[in-house]
Each structure stands twice: as structure tokens, then as C-alpha cells.
Amino acid sequence: MVDNVNFIAEVILNLLRKMLVLVPLIFTLIGILTFVMTYQNIGFSNAFVEQWLTSTLWAATTMAPIGFVMVTIISKAVGTLIPNTREVTKNTVIGISMAIIMEGIMAVVTTINNVHYTSIIEFSGAWWQAFIVALPVGLLISVFMTLTVKPRLERFMAS
């Protein structure tokens, strides 16, 4: 009985330790991108900090679960489509794919939060501007993450 309790406590502590690494990382990455998108949507106005923080919160709560599912799906697809390719190439393809998909979704969340639009055309224009301005930043972050951070995170998460 005591061994079972100790095992459960160890599993819970290990999970908490992993969450303490992942949560700040997720909020930092999403915070950087929503900063750029919020700036594109509304500029540095009096409402900027509030809008940026709420965009970050909304994007993080929607993007984290979607991101974990998407990276798994994209990784499997890349492994299937280009199985004999070097790992660095696969990770680069995964990073670019993740950046485009995740930023598209993040731009939707940020634009909904920041722009008071009256038509789908107005919304689409604001979304596109947020997406296209943040895309270079997202691509850099995503490729960096998949080439350097992802392998380390995978080892850490497996431990």
C-alpha cells in the first residue's frame, strides 16, 4: 500500500515538474507572437497591454491543446511522407508546418479579441495583416524550437 502511494506521489511530482517547464515556455512563445499580432491589429494604444495579455491568455488556452495534437499529427505525416530523410530536415518541415498552421489559428484568436469588425472582409483583412506580419517571427521560433528545443524537450518528457 505504501509503495503504491509513493509511486503515485512520484508520478504526480514528475508531471508537475514537467508542467513547470512547459507552461512558461508555451506562454512565452505565444506571448511573443500575440505581441506582434496585437501591435499589427491596434498599434501601441492605451488598450495595448490589456488586449495583448487577453490575446495571449485566449491563444494559450486554445493553442496549447491544439498544438500538442497538431505536432503529433504533423510529425507522423512527415515521417510517413519522407521516411528516409535526415532528422534535421524532417524537424525543419515540421517546424515550418507548425508555424503556418498555429499562427493562422492564433491570428484568428488575436484578431477576434482585438478588432471590432463589421464584416467578414474586414475581419479577413485584419487577420491576414496579423498573420503575415507575425509569420517571419513564428517561422524563426518554430524552426529554432524543432531543431534545438524539441529534441531536448522530448528527452526531458521521456525521463
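Predicted model: local features only at pLDDT ≥ 70, side-chain atom pairs only at ≥ 80, totals over all residues.
Residues are numbered from 1 along each chain as its sequence is written, and side-chain values use heavy atoms, with hydrogens and water left out.

Now colour the helices one by one: α1 (2–42), α2 (48–81), α3 (87–114) and α4 (120–158) each give at least two residues to the lining of the largest pocket. A pocket is an open set of points on a 1 Å grid over the protein atoms alone, where a 1.4 Å probe fits, with protein on both sides within 12 Å along at least five of seven lines; lining residues have an atom within 4 Å of a point.

Next, select Gly 67, Phe 68, Val 71, Met 98 and Met 145, which lie nearest the pocket's centre among its 27 lining residues. Helix α4 supplies the largest share of this lining, nine residues.

Finally, select Lys 90 in helix α3. Is Lys 90 buried or exposed? Lys 90 is buried (under 20% relative accessible area, with a 1.4 Å probe and protein chains only). Show what surrounds Lys 90: setting aside neighbours within four places in sequence, you will find contacts (heavy atoms within 4.5 Å) with Val 78, Ile 82, Pro 83 and Thr 85.

How values were computed:
Helix = DSSP H or I, 4+ residues; strand = E, 2+ residues; numbered from the N terminus. Buried < 20%, exposed > 50% of the residue type's maximum accessible area, 1.4 Å probe, protein only. Lys, Arg positive; Asp, Glu negative; His and termini not counted. Salt bridge = Lys/Arg side-chain N within 4 Å of Asp/Glu carboxyl O.
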